[in-house]
Amino acid sequence: IRAFRKVVDRFSNARLIIAGEPAPTPESLEYYKKLLVLVKELRLGNNIRFVGYVPEHDCRKYYGASAVVLLPYSQVTQSAALHDAISYNMPVIVTDLPGFREVIRERVNGLFVKYGDADGMAEKINLIFSSPALEKRIRKNNKSLAEKLSWENIIDIYVKLYKRCLS
């Protein structure tokens, strides 16, 4: 949210959609409340929308309305959200974590930022917004990657592996 203040300062009509719901724990709910307060403090109420859980049938609508997907996780092994974003050919900005490094290549199919680095996140968002050629290249590369990671191809890889192991 702090990063997005810097984005809005440069691109005043930018909008941030925050999808997903907080875990039903006191800590998560308290954190969520702090985010809402931060949005008000930074005067971003017209630019940020919390939409909660997004059912699968609505994902296309949200990805279609987006220029970039942000995944600022503090830790990750694998991310369904990352694979969804790739399947929709989206540019992604992810925190520089081992789980993301397995899939993302800097400026090839996404961008990295250090966890908690609001300035770095703003810089990468602004880069996507101001560089149509980079956005187009990342989308094209993610389309190719999505085809490679399709369930049909994954199943084929496993079948070949099992056959090799059995022979």
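Which side chains meet in a salt bridge with K6 and D119 as the pair, and at what N to O distance? The K6 and D119 side chains meet at 2.9 Å, N to O. The legends below cover this pair and other views of a predicted model.

The model is predicted, so local features need pLDDT of at least 70 and side-chain atom pairs count only at pLDDT 80 or more, while totals for chains, interfaces and linings use all residues. Residues are numbered from 1 along each chain as its sequence is written, and side-chain values use heavy atoms, with hydrogens and water left out.

**View 1. The whole chain, element by element.** The protein has 8 helices and 5 strands. These are DSSP runs numbered from the N terminus: helices are H or I with at least four residues, and strands are E with at least two. Along the sequence the pattern reads α-β-α-β-α-β-α-β-α-β-α-α-α. The C-alpha atoms fill a box of roughly 65 × 40 × 30 Å along the principal axes. Of the 167 residues, 35% count as buried. Buried means under 20% relative accessible area, exposed means over 50%, and partly exposed lies in between (1.4 Å probe, protein chains only). Take the contacts (heavy atoms within 4.5 Å) with a separation of 6 or more: 56% of them join residues 24 or more positions apart.

**View 2. K6 and D119 link two helices.** This pair is a salt bridge, meaning a side-chain nitrogen of Lys or Arg within 4 Å of a carboxyl oxygen of Asp or Glu. K6 sits in helix α1 and D119 in helix α6 (residues 118-130), so the bridge ties together parts that are 113 residues apart in sequence. Both ends are partly exposed: K6 has a relative accessible area of 39%, and D119 has 48%. The structure holds 6 salt bridges.

**View 3. R5 and D9 pair within helix α1.** Their side chains form a salt bridge at 2.9 Å, N to O. The two residues are 4 residues apart in helix α1 (residues 2-10), which means about one helical turn separates them. R5 is buried, at 18% relative accessibility. D9 is exposed, at 57%.

**View 4. K124 reaches a loop residue, E106.** The salt bridge between their side chains spans 3.1 Å, N to O. K124 belongs to helix α6, and E106 to the loop between α5 (98-101) and β5 (111-113), so the pair ties together parts that are 18 residues apart in sequence. K124 is buried at 15% relative accessibility. E106 is partly exposed at 33%.

**View 5. Strands β1 and β2 run parallel.** Strand β1 (residues 16-19) is joined to strand β2 (residues 48-52) by 4 bridges. Two strands pair if DSSP finds at least two bridges between them. One partner pair is A19 with G52 in β2.

View 6. A polar atom of the N142 side chain lies 2.7 Å from the backbone oxygen of M90. Leaving aside neighbours within four places in sequence, N142 is in contact with I86, N89, M90, P91 and N109.

**View 7. Two loop residues with positive phi.** Most residues other than glycine have a negative phi. N89 has a positive phi, near 60°. N89 lies in the loop between α4 (80-87) and β4 (92-95) and is partly exposed, with a relative accessible area of 23%. R107 also has a positive phi, near 65°. R107 is in the loop between α5 and β5 and is partly exposed at 41% relative accessibility.

View 8. C59 is buried at 14% relative accessibility. C165 is exposed, with a relative accessible area of 58%.

Key:
A polar contact is a pair of N or O atoms within 3.5 Å; within protein, one must be able to donate a hydrogen and the other to accept it, and residues adjacent in sequence count only if both atoms are side-chain atoms.
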